[in-house]
Amino acid sequence: MSVLEAPRVKARSGQRSLSVAIVGATGAVGGELIRVLETRGFPVKSLRLLASARSAGRSLAFRGAPVEVEALSEASFQGVDLALFAADAETSRTYAPIARAAGALVVDNSSAFRMDLDCPLVVPEVNPEGLSHHRGIVANPNCTAIILCVAAAPLQRQFGLRRLQVATYQAASGAGQPAMDELLAATEAYLAGRSYAPKVLPHPYAFNVFSHNDAVDLTTGYNGEETKVMAEARRILGSGMLPIGITCVRVPVLRAHTLAVTAELDAPVPPAAVRELLEASPGVRIVDDRAANHFPMPVEAQHQGDVLVGRIRRDLGDPSGRSVAMLLAGDQLLKGAALNAVQIAETVLLR
């Protein structure tokens with residue numbers, strides 16, 4: 001059963017419904033937030049959709065009724081209980097403190113507060129205890145870090161974790177709706193035999209694979225996405241010195257990320273024991289059929305909230321026997337963004 005279809009976190013008896021605002025409502029993550037609130041039956045009394053002035057006046061549907069988009073301003077958060085931010089870091093740094101001062105719980109999907117030690121960085125299946133000391137703003141982690149940690153945390157708790165080695169195959173949605181639109185347009189042009197000049201991403205996207213488009217640090221050779229995933233995964237897992245190596249690649253997929261992960265454990269563990277553990281772990285669905293060569297794929301990971309895990313096997317490149325290899329896939333817009341944010345809100349406000 002997908003986490004989207006799982007029993008919802010119910011409001012306490014007599015608890016009022018909540019006034020909710022979504023900042024960046026017209027973007028890809030904003031649209032997913034609207035759908036997740038509806039799908040999970042979140043107790044929304046009123047919904048305020050906020051975006052830039054150029055989007056004001058549009059209408060988006062919520063529970064079958066149109067809701068008009070308003071221009072974001074300092075007055076947008078009066079009476080709001082929950083503010084879900086799905087905008088850029090600059091917008092979050094400006095308006096999240098205003099929303100908090102107005103009395104709202106802020107769950108921010110940007111990078112603005114992720115490495116602020118006064119701000120919890122939380123994946124509810126992994127480190128919900130971090131929410132007990134929030135100060136009005138909670139950071140939603142990087143999408144790749146979320147997908148990685150949902151699968152890595154059970155191994156860390158049960159077997160101990162010495163090292164992670166990761167290669168990612170990341171979808172267009174991680175760069176927003178414009179990148180998704182570019183992938184579709186570039187693919188259409190390619191199939192029609194027309195040239196297409198990239199406008200959003202630095203390289204041709206259709207039928208191509210390239211290094212993640214974040215800027216590369218000329219000293220370390222790691223790009224910004226790789227640096228973020230390593231730093232955030234250590235925070236989420238509560239292991240600041242955990243060795244992590246990662247290579248992030250952009251692939252022509254619309255909305256689900258895939259990760260090839262090798263986890264070095266404290267001692268040799270049979271792959272069957274890893275599979276049994278992950279099968280019982282929240283937010284994980286095992287897709288691991290060797291006979292049919294059927295393993296996690298982005299086409300099956302999209303539009304559902306679980307992290308798919310498969311290809312669980314001993315890493316033959318580690319003679320100690322301590323390393324296990326596996327393949328993950330998760331919807332970047334759902335568990336990697338909107339769903340995780342709503343789960344945070346449920347944990348704080350509805351329990």
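Start by selecting tyrosine 95 in helix H2: a kink of about 35° lies here, shortly before proline 97. The bend at a residue is the angle between axes fitted to the seven residues ending there and the seven starting there. Helices (H or I, at least four residues) and strands (E, at least two) are DSSP runs, numbered from the N terminus.

Before going on, note that this is a predicted model, where local features need pLDDT of at least 70, side-chain atom pairs count only at pLDDT 80 or more, and totals for chains, interfaces and linings use all residues. Residues are numbered from 1 along each chain as its sequence is written, and side-chain values use heavy atoms, with hydrogens and water left out.

**Along H2**

Now select all of H2, residues 89-101. How far apart are its end C-alpha atoms? They are 18 Å apart, which agrees with the 18 Å that 13 residues should span at 1.5 Å a residue (the expected span is 1.5 Å times one less than the number of residues).

Colour Ala89, Thr91, Ser92, Tyr95, Ala96 and Ala99: these are the buried residues of H2. Buried means under 20% relative accessible area, exposed over 50%, and partly exposed in between (1.4 Å probe, protein chains only).

At the start of H2, a side-chain oxygen of aspartate 88 comes within 3.1 Å of the backbone nitrogen of glutamate 90. After H2 comes glycine 103, with a positive phi near 105°.

**A hairpin**

Next, pick E3 (residues 59-62) and E4, which run antiparallel and are joined by four bridges. Two strands pair if DSSP finds at least two bridges between them. Phenylalanine 62 sits opposite alanine 65 in E4. The hairpin has two residues between its strands, and arginine 63 takes a positive phi near 55°.

**Two loop residues**

Jump to serine 132, in the loop between E6 and E7. Is serine 132 buried or exposed? It counts as exposed, at 67% relative accessibility. The side chain of serine 132 reaches the backbone oxygen of glutamate 129 at 2.7 Å, a polar contact (a pair of N or O atoms within 3.5 Å; within protein, one must be able to donate a hydrogen and the other to accept it, and residues adjacent in sequence count only if both atoms are side-chain atoms).

Now go to aspartate 288, in the loop between E12 (284-286) and helix H7 (298-301). Aspartate 288 counts as buried at 13% relative accessibility. Its side chain reaches the backbone nitrogen of isoleucine 312 at 3.4 Å.

**The core and the sheet**

Select Leu164 and Val309, the residues with the most contacts inside the largest nonpolar core, which has 61 residues. Such a core is a set of buried Ala, Val, Leu, Ile, Met, Phe, Trp, Tyr and Cys residues joined through side-chain atoms within 4.5 Å. Helix H3 (residues 143-159) gives the most to this core, with eleven residues. Apart from it lies another core of 45 residues, among them Val20 and Phe42.

Finish on the open sheet of seven strands, in the order E9-E10-E8-E11-E14-E13-E12, with mixed pairing. E9 (210-211) and E12 stand at the edges with a single partner strand each, so one side of each has no neighbour in the sheet. Inside the sheet, eight bridges join E8 (residues 161-170) to E11 (residues 256-265), which run antiparallel; tyrosine 169 stands opposite threonine 258 in E11.
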